[in-house]
Amino acid sequence: MARMSLEARLARGVIADRFAIDGTPTESVLATYISARDRLYERGVTLELPRASIADDPVLLGRFVEGARAAMAVEHAGVVRVLGVEYDADGAPFVVRERVRGALLSERAIPMTLDAAWQILDPVIEALAVAHAVGLVHGALRPAQIVLHENARGALRPKIAGFGSAPLFATVFGNTGPVAPRYAAPELFGGAPPSPASDVWAIAVIACELLSGEHPSALPTGTSPADIGRFIIGSPPRSLARLVPQAPLAVQQALDRALAVLPGARWPDAGALQAALVDRTRAFTAIPLGGAVLGGAAVVAAPVPGAEGGRPRRRTP
């Protein structure tokens, strides 16, 4: 049976005779995301449908399915879960993800207080540690992949989106550099594959931006993606003691190691970074660094895995 186009699939309003579309599509370079109602389990979900360039290539489509199935191994409240890989009537595969709503971390003002930053970093590092423990690497972690979800009780629950996309990213963009250069570890610009250590670098850059409002390598404003790699490689990260002198020494030391230029000198995975911050309850105290207020208007769940997404929004005086 010939497979129908993505446009025709969406125009029907129902996918696989089970998922009733109830949202507007969001595009990335690799997939289309759209919210839907799962009639079988009576729940809201987000569908990820490969774009034609992926769906028409057996190798790329295989990577798409492979990554999604691998991501199903991660079960943690801090991860936007992959609920399954399903198939439409013509055999076309698509991914069903948990639907979450909330502002993206890339939309938040920075810098933040240590307490506010820790509300985000603690569950994110924990979720990343769980993924690393089952052998899964994110590979493109950035603020646009962290959803500041609020549960039914109004409590903040950050969730990492985009797990399972690394195999497809590596195949499609392997010769063009990292997907998220601003948060990419130095070795990725030399062609090394993503690893737990490169994820550790990414979360440390995010932490640095939340706490200081600046990239640890002092990227000039307007630096192009093509120049970011050369700048990061040629400009070693600044010490957290310099960027956030008010932060507890334990935090400075843990993040400085996470930003080591050589991957072998970093914490080997997020679990090790989490263990290094074992005294985090005392370390992260209410030291004012900006007083950001978390929250904001709801947005449709799935951040676009293929998009750079940008940094958190710099707080204006």
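This section describes the confidence, strand pairing, helix packing and selected residues of a predicted model.

Residues are numbered from 1 along each chain as its sequence is written, and side-chain values use heavy atoms, with hydrogens and water left out. Because the model is predicted, local features require pLDDT of at least 70 and side-chain atom pairs count only at pLDDT 80 or more, whereas totals for chains, interfaces and linings use all residues. The average pLDDT of the chain (the predictor's confidence in each residue, from 0 to 100) is 84, and 86% of the residues score at least 70. Over residues 285-308, pLDDT stays under 50; for this stretch the model has 86 contacts (heavy atoms within 4.5 Å) beyond four places in sequence.

Helices (H or I, at least four residues) and strands (E, at least two) are DSSP runs, numbered from the N terminus. Two strands are taken as paired if DSSP finds at least two bridges between them. Strand 4 (residues 31-38) is mostly covered, with seven of its eight residues buried; here buried means under 20% relative accessible area, exposed over 50%, and partly exposed in between (1.4 Å probe, protein chains only). Strand 2 (residues 19-21) runs antiparallel to strand 4 and is joined to it by three bridges, with A20 partnered by R37 of strand 4. Strand 3 (residues 26-27) is likewise antiparallel to strand 4, through two bridges; E27 has T32 as its bridge partner in strand 4, and a hairpin of three residues joins strand 3 to strand 4. With strand 5 (residues 43-50), strand 4 pairs in the antiparallel sense over eight bridges, D38 being partnered by R43 of strand 5.

The hairpin formed by strand 4 and strand 5 has four residues between the strands, and E42 in this turn has a positive phi of about 50°. Y41 is placed in the loop between strand 4 and strand 5 and is exposed, with a relative accessible area of 52%. The C-alpha atoms of Y41 and R18 are separated by 9.6 Å, although the two residues are 23 residues apart along the chain.

The structure holds one aromatic pair. The ring centres of F19 and F94 are 5.6 Å apart and the ring planes stand at 90°, so the pair is edge-to-face. Under the criterion applied, rings of Phe, Tyr and Trp (its six-membered ring) pair if their centres lie within 6.5 Å; planes under 30 degrees apart count as stacked, over 60 as edge-to-face and the rest as tilted. Because F19 lies in strand 2 and F94 in strand 7 (residues 93-98), the pair ties together parts that are 75 residues apart in sequence. Both F19 and F94 are buried.

An open sheet of three strands has the order 8-10-11, with antiparallel pairing. Strand 8 (102-104) and strand 11 (156-160) stand at the edges with a single partner strand each, so one side of each is left without a neighbour in the sheet. The twist averages 25° from one strand to the next, where axes are lines fitted to C-alpha atoms, for helices over the stretch in contact, and angles run from 0 to 180 degrees between N-to-C directions. Strand 10 (residues 146-150) and strand 11 are connected by five antiparallel bridges. Helix 4 (residues 114-133) packs on the sheet, touching strand 10 and strand 11, and its direction makes about 40° with that of strand 11. Three bridges join strand 8 to strand 10, including that of G102 with H149. Four of the five residues of strand 10 are buried, so this strand is largely enclosed by the rest of the structure.

In helix 5 (residues 166-173), A166, L168 and F169 are buried. These residues cover an arc of only 160° around the axis (taken from the directions from the helix axis to the C-beta atoms), which puts them on the same side of helix 5. The buried residues of helix 5 pack against helix 2 (52-55) and helix 3 (58-71). In helix 7 (residues 225-234), I228, G229 and I232 are buried. Seen down the axis, the buried residues of helix 7 fall within an arc of 95°, so they line one face of the helix. They pack against helix 6 (196-212), while A226, R230 and G234 are exposed on the other side of helix 7.
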